[in-house]
Amino acid sequence: MSFESFPESFTPDIALADTFLRNAAAHLDGADRAADLGRHNAALHAIAIAIELLLQSHLLRVVTDDPWNRRHIGHDLGKAALYAERAGLGLPPQLHSVIAKLHPHFQRGGFQRDPSRSWPSGFSLDARHIARQLAHTLMEHQRRANDSRPLLT
């Protein structure tokens, strides 16, 4: 996979990054509810969306803008993860394996076209756990970035 260079200059889009973060949290909550009802396909679809939003939220804060993300990443979870790593976000170790399972189905719109697809036993729970780890990592990264900013006087 070839990588495009990050923009030479950009302005962090904190408002959009925060919106993506809130939407990701809502999708993770929805994934919990769907899984509790035994709707694992719906839970995994929500998890895929949450992962995309979390990764792009990080990028919007530190290195890209929304048009760049749309042009170079789109809905490609693998690319989003690799770009987020290049931009300094430490990813949960199992995230790439979750993405490898979810992304092909997500990219083809399979969650809507094939709502009865079965997944490996326990995958929904594992994927939710890893997505929540990603959210936690992102929040910690933001906290550290905020703590290192000089206070205005």
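Me: Which residue, with a positive phi, follows α4?

Reply: This is a predicted model, in which local features need pLDDT of at least 70, side-chain atom pairs count only at pLDDT 80 or more, and totals for chains, interfaces and linings use all residues. Helices are DSSP runs (H or I, at least four residues), as strands are (E, at least two), numbered from the N terminus. The residue that comes after α4, with a positive phi near 95°, is Gly88.

Me: Which residue caps the N-terminal end of α4?

Reply: A side-chain oxygen of the capping residue lies 3.0 Å from the backbone nitrogen of Gly78.

Me: What covers the buried residues of α4?

Reply: Buried means under 20% relative accessible area, whereas exposed means over 50% and partly exposed lies in between (1.4 Å probe, protein chains only). By this rule Leu77, Gly78, Ala80, Ala81, Tyr83 and Ala84 are buried in α4. The elements that cover the buried residues include α2 (40-62), α3 and α5 (95-107).

Me: At roughly what angle do the axes of α2 and α4 cross?

Reply: Contact means heavy atoms within 4.5 Å, and Ala48, Ile51, Glu52, Leu55, His58 and Leu59 in α2 meet Leu77, Ala80, Ala81, Tyr83 and Ala84 in α4. Two packed helices are described by the angle between their axes and the distance between the axes. Axes are lines fitted to C-alpha atoms, for helices over the stretch in contact, with angles running from 0 to 180 degrees between N-to-C directions. The axes of α2 and α4 come within 9 Å, and their crossing angle is roughly 30°.

Me: How many aromatic pairs are there, and what is the angle between the planes of Trp68 and Tyr83?

Reply: Rings of Phe, Tyr and Trp (its six-membered ring) pair if their centres lie within 6.5 Å, and planes under 30 degrees apart count as stacked, over 60 as edge-to-face and the rest as tilted. The count comes to five aromatic pairs. One of them is the edge-to-face pair of Trp68 and Tyr83, whose centres are 5.1 Å apart and whose planes make an angle of 85°.

Me: How many residues apart are Trp68 and Tyr83?

Reply: Trp68 is buried because its relative accessibility is 5%, and Tyr83 is buried because its relative accessible area is 2%. The pair links distant parts of the chain, with Trp68 in helix α3 (residues 66-72) and Tyr83 in helix α4 (residues 77-86), and the separation is 15 residues.

Me: Which residue has its charged end over the ring of Phe6?

Reply: Phe3, Phe6, Trp68 and Tyr83 form one aromatic cluster. A charge sits over a ring if NZ of Lys or CZ of Arg is within 6 Å of the ring centre and within 35 degrees of the ring normal. Over the ring of Phe6, at 4.9 Å from its centre, sits the charged end of Arg86.

Me: Is Asn69 buried or exposed?

Reply: Asn69 has its place in helix α3, and Asn69 touches Gln56, Leu59, Leu60, Thr64 and Gly74, not counting residues up to four places away in sequence. Because its relative accessible area is 0%, Asn69 is buried.

Note on methods. Residues numbered from 1 in each chain as written. Heavy atoms only, no water. Polar contact = N/O pair within 3.5 Å; in protein donor to acceptor, adjacent residues only side chain to side chain.
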